Amino acid sequence: MRHLLSRRDLVATLTIAALAGSTSIANAKARGTVPMTASEQANLTLVENAFAKWADGTGGPYDLLAPNAVWTIVGHSDASRTYSSRDAFMSEVIHPFNARMSEGLKPSIRQITADGDKVIIFFDAAGVAKDGQPYKNTYAWFWEMRDGHVTRAHAFFDSITFNDLWRRVQP
């Protein structure tokens with residue numbers, strides 16, 4: 001007897017299979033057993049350099065955002081939603097966040113991976129808020145890149161830690 005999958009089940013099965021294959025390739029690239037393409041290496045270098053500039057206070061990752069970049073903060077933080085442009089994200093999240101800090105965030109990358117046009121950055125960041133309290137959080141950013149710019153981003157972080165700062169310290 002033949003078992004037929006519903007369209008939804010078929011899509012879910014194919015999606016899981018595709019993700020498993022992509023993850024295997026990404027893991028092999030991270031281990032160095034599969035070579036990176038020139039485009040992947042270029043994206044990885046751009047992102048690593050942007051994070052290095054962020055850490056030393058001479059630039060940052062937001063310099064890589066395309067003007068029409070779509071940035072989604074996933075979860076339940078006070079800032080969780082989708083921002084439809086670089087300007088919206090910067091004016092509604094980054095500028096108010098930075099205005100709450102007396103010492104800006106310094107990132108420390110735990111892991112970074114490039115696969116096709118996607119770059120995943122897993123990192124910690126710490127700074128000091130204007131009230132003198134430390135701010136520390138762990139982030140995972142999933143970026144889609146085109147022509148050296150981030151066109152789409154999904155950001156994950158500890159919403160409780162973020163909300164505490166956002167509500168406690170006024171910009």
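## Aromatic pairs

A search of the whole structure, which is a predicted model, finds 23 aromatic pairs. Rings of Phe, Tyr and Trp (its six-membered ring) pair if their centres lie within 6.5 Å; planes under 30 degrees apart count as stacked, over 60 as edge-to-face and the rest as tilted. The pair of Tyr62 and Trp71 is tilted, because the ring centres are 6.0 Å apart and the planes stand at 55 degrees. Tyr139 and Trp141 form an edge-to-face pair, with 6.3 Å from centre to centre and 70 degrees between the planes.

Burial is judged by relative accessible area, found with a 1.4 Å probe on protein chains only: buried means under 20%, exposed over 50%, and partly exposed in between. Tyr62 is buried at 14%, and Trp71 is buried at 3%. Tyr139 and Trp141 are both buried as well.

A charged side chain also meets a ring: Arg100 lies over the face of Trp166, at 4.0 Å from the ring centre. A charge sits over a ring if NZ of Lys or CZ of Arg is within 6 Å of the ring centre and within 35 degrees of the ring normal.

## Basis of the model

Residues are numbered from 1 along each chain as its sequence is written, and side-chain values use heavy atoms, with hydrogens and water left out. In this predicted model, local features need pLDDT of at least 70 and side-chain atom pairs count only at pLDDT 80 or more, while totals for chains, interfaces and linings use all residues.

## Chain layout

The chain has 4 helices and 6 strands, in the order α-α-β-β-α-β-β-β-β-α along the sequence. Helices (H or I, at least four residues) and strands (E, at least two) are DSSP runs, numbered from the N terminus. Of the 171 residues in the chain, 37% are buried.

## Nonpolar core

A nonpolar core is a set of buried Ala, Val, Leu, Ile, Met, Phe, Trp, Tyr and Cys residues joined through side-chain atoms within 4.5 Å. The largest one holds 42 residues, and Val47, Trp71, Phe89, Ile121, Trp141 and Trp143 touch the most other members. Elements giving two or more residues to this core include α2 (38–56), β4 (118–129) and α4 (159–168). The most comes from α3, with 6 residues.

## Second largest pocket

The second largest pocket has about 360 Å³ of space. On a 1 Å grid over the protein atoms alone, a cavity is a set of points where a 1.4 Å probe fits but cannot get out, and a pocket is an open set with protein on both sides within 12 Å along at least five of seven lines; lining residues have an atom within 4 Å of a point. Grid points are joined across faces, edges and corners, and a volume is the space filled by probe spheres set on the points.

This pocket is lined by 24 residues, with Trp54, Tyr62, Ile94, Asn98 and Leu105 nearest its centre. The largest share of the lining, 7 residues, comes from α3.

## Two exposed loop residues

Asp147 lies in the loop between β5 and β6 and is exposed at 73% relative accessibility. Its phi is near 55 degrees, a positive value in a residue other than glycine. Most residues other than glycine have a negative phi.

His76 lies in the loop between β1 and β2 (82–83) and is exposed, with a relative accessible area of 73%. His76 and Ile160 are 84 residues apart in sequence, and 8.6 Å apart in space from C-alpha to C-alpha.
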